Amino acid sequence: MSKETLPKYKDPIWQDKDNRHIVCRILQPDDVYAIAHVIAGPESDGKTNRDYDALMESFGEEEIDRLTDEHKVEQLRKREIEAERNLAKQARKKQEVLFNMKLEAFEIEEIKNSTNRELKKRLRKAKSPIEVQAFATILIQDALNNAE
């Protein structure tokens with residue numbers, strides 16, 4: 001694509017509207033877009049910025065407002081998805097820890113050789129590390145009492 005067909009500015013959003021600060025992608029000499037911060041400063045300062053003026057001419061304030069609102073909604077959606085992923089990851093990690101605790105408990109000789117089917121069943125169905133520890137302790141204590 002030639003430079004004439006590529007727009008100079010893409011995806012402008014307000015970073016700070018009061019300070020006339022816009023974040024957008026600006027076309028570079030090698031036909032690649034780079035993220036840029038275009039800052040004109042508060043209107044009361046009377047400063048100008050060529051890129052800011054070009055953005056206002058190309059997009060207008062209302063369009064940048066609309067794009068900024070869309071960007072905020074998209075960012076919120078991404079944060080929610082990430083939060084859901086993190087919760088799922090934490091749940092998987094807890095299940096993995098619980099599973100490994102049960103495996104380790106059943107490797108203990110007193111538990112492995114126990115004839116107490118009810119306690120072994122409860123240990124298998126334990127839903128928390130505390131339950132695994134409690135039933136494992138009871139089974140070991142039961143084995144030690146029976147050994148005496």
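## Ala 91 in helix H2

Ala 91 sits in helix H2, which spans residues 61-107. Helices here are DSSP runs of H or I with at least four residues, strands are E runs of at least two, and both are numbered from the N terminus. Ala 91 is partly exposed, at a relative accessible area of 41%. The cut-offs are under 20% for buried and over 50% for exposed, with partly exposed in between (1.4 Å probe, protein chains only). Leu 55 lies 36 residues from Ala 91 along the chain, and their C-alpha atoms are 47 Å apart.

## Basis of the model

This is a predicted model: local features need pLDDT of at least 70, side-chain atom pairs count only at pLDDT 80 or more, and totals for chains, interfaces and linings use all residues. Residues are numbered from 1 along each chain as its sequence is written, and side-chain values use heavy atoms, leaving out hydrogens and water.

Strand S2 covers residues 21-27; six of its seven residues are buried, so S2 is largely enclosed by the rest of the structure. Strand S1 (residues 9-16) pairs with S2 in the antiparallel sense over five bridges. Pairing requires that DSSP find at least two bridges between the two strands. Asp 16 stands opposite His 21 of S2, and Trp 14 has Ile 22 as its bridge partner in S2. The S1-S2 hairpin has four residues between the strands. In that turn, Arg 20 has a positive phi of about 50°.

S2 also runs antiparallel to strand S3 (residues 33-39), joined to it by seven bridges. Ile 22 has Val 38 as its bridge partner in S3. S2 and S3 form a hairpin too, with five residues between them. Asp 31 in this turn has a positive phi of about 60°.

## Packing of H4 and H5

Two packed helices are described by the angle between their axes and the distance between the axes. For helix H4 (residues 117-124) and helix H5 (residues 129-147), the angle is about 160° and the axes are 9 Å apart. H4 is therefore roughly antiparallel to H5 (over 145 degrees; under 35 is roughly parallel, 65 to 115 roughly perpendicular, the rest oblique). Axes are lines fitted to C-alpha atoms, for helices over the stretch in contact, and angles run from 0 to 180 degrees between N-to-C directions.

H4 contributes Leu 119, Lys 120, Arg 122 and Leu 123 to the contact. H5 contributes Val 132, Phe 135, Ala 136, Ile 138 and Leu 139. Contact means heavy atoms within 4.5 Å.
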